[in-house]
Amino acid sequence: MRDRFPLLVVGCLLLTAVLGAWLVRGAARGGFADTLSTWRAQPDGARGLFLLAQESGLPVTRRTADLLILSEPGTLVLLAVEVEGAHEDDPDQTALAADRGSDLEDEEVPRHGFNRLHVPELSDDETEKLLEYVRSGHSLVLVPWGSKENPLLDALGVSLTKADTSLPMRTLVPPLSSPYTLGVERVEARVQAYLALSAEGAIPVLEDEPLGMTVAAVVPYGTGKVLVVGAPELAMNQALARADNARFWLSALEALGPGPYAFDEHHHGFTNERSVVDFARRYGLHFAVAQLLLGLSLWALALQRFGRPRPPPESQRVGTTDALFAMSRLYREGHHHAFAAGLLSRGLIQELAGHAGLPAHAPAQAVAESLTAHGQAELARGLREVVHKAANVTSESELLHLATRAAAVRQRLPSSGPRPAAPPAQTPEEP
């Protein structure tokens, strides 16, 4: 494992660099946000609409909480929010309106960045709370994506008919004068779905000039009202500069009520909880990546030894020597030669196991085989010799010879520097 550590560190650094570059590039200029999110600055985002309303003096906010609790006054704005229980009543009609080979991909909201992993749908409970909120006298702007029906549209009495995808950009005009189209002569945008209105009192706001089909309408619900727009591109950054598109949004929002106008971001993947995406939006991920690289570098340097080992202090050396002499006398007087030999053998096995890349409790045979595989055949032979002799120690002279042999094996360790000449083994004279 120790031999593979540098390669592991290099691989982790490369992986971190690649992921960091991908994340930083995704966070550039709001590109991490979802389609029609007011934080997305790309052509298919709605940041321009949010800033337009803000610069025009309208009170606008971003809502990052779910819709289960709605108590504050104002107008909610749902842009390309998917609703749980969405269905297609007439799939044949939808297929006929699509280009060949398109596979109806425009029926699904395009996702970007990490938001695609946790974008929630508008749940059934949220739908009920939202309808109750509108029914009590509040306003709602609803811009569905695609032409699928859903429980929210069904409750409003609105059904969608998929627009022919082969048609070019459409010119939309107000069918009658209303506060929602004040100052608007024509609007230009691509249409995804036309509206069929069955609710009593529904007011068409925009219609396709050549076809005479409704694209946007205000639908009363209880004491509130809902503006439904079947052209999501009308809210995108790329469409605000065309014709009277910007004027339409300002007139429509002002006619819906005094505000504040809360753009829903919870269903685009943004919540009140701390997240990597939120950190990227606020500070940029390059700081987090730099901190991670610095931490890995310090960790790698901490595992390296600089210079030779420092000798222990004189007091520690003398104390250790005295302790060893006392212990050796206990073993000698008690004739515990076999036990002492086992300790010597076990200590050598544990020390060599670290150099062999094995845990300290590995058996002697496994350590010897691993040393041989790593090109340390001499150490492996010395270990086998010490283990064999330790099993047959019966006297003090044999124990002394075993300790000398174990010390000679330790001197051959690669980390101990140049191997000094081993002292010849001496056998004490028999008394």
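Predicted model: local features only at pLDDT ≥ 70, side-chain atom pairs only at ≥ 80, totals over all residues.
User: Why does the end-to-end distance of helix α12 agree with its 14 residues?

Analyst: A helix is expected to span 1.5 Å times one less than its number of residues. For α12, residues 377–390, that gives 20 Å, and the end C-alpha atoms are 20 Å apart, so the two agree.

User: Which residues of α12 are buried?

Analyst: Buried means under 20% relative accessible area. In α12 these are Leu379, Ala380, Gly382, Leu383, Val386 and Ala390. Down the helix axis they fall within an arc of 165 degrees, so they line one face. Arg381 and His388, on the other side of α12, are exposed.

User: What covers the buried residues of α12?

Analyst: Contact means heavy atoms within 4.5 Å. The cover includes α10 (337–355), α11 (364–373) and α13 (396–411).

User: Now the sheet. In what order do the 9 strands lie?

Analyst: Two strands pair if there are at least two bridges between them. Here the order is β1-β11-β2-β3-β10-β9-β8-β5-β6, in an open sheet with mixed pairing. β1 (60–63) and β6 (187–189) are the edge strands, each pairing on one side only. From one strand to the next, the twist averages 20 degrees.

User: How many bridges join β3 to β10?

Analyst: There are 4, between residues 139–143 and residues 224–229, and the two strands run parallel. One of the residues to look at is Val141, whose bridge partner in β10 is Leu227.

User: Where does helix α2 touch the sheet?

Analyst: Helix α2, residues 47–55, packs against β1, β2 (75–79) and β11 (261–264). The direction of α2 makes about 140 degrees with that of β1.

Notes:
Residues numbered from 1 in each chain as written. Heavy atoms only, no water. Buried < 20%, exposed > 50% of the residue type's maximum accessible area, 1.4 Å probe, protein only. Arc of directions from axis to C-beta. Axes fitted to C-alpha atoms, helices over the stretch in contact; angles between N-to-C directions.
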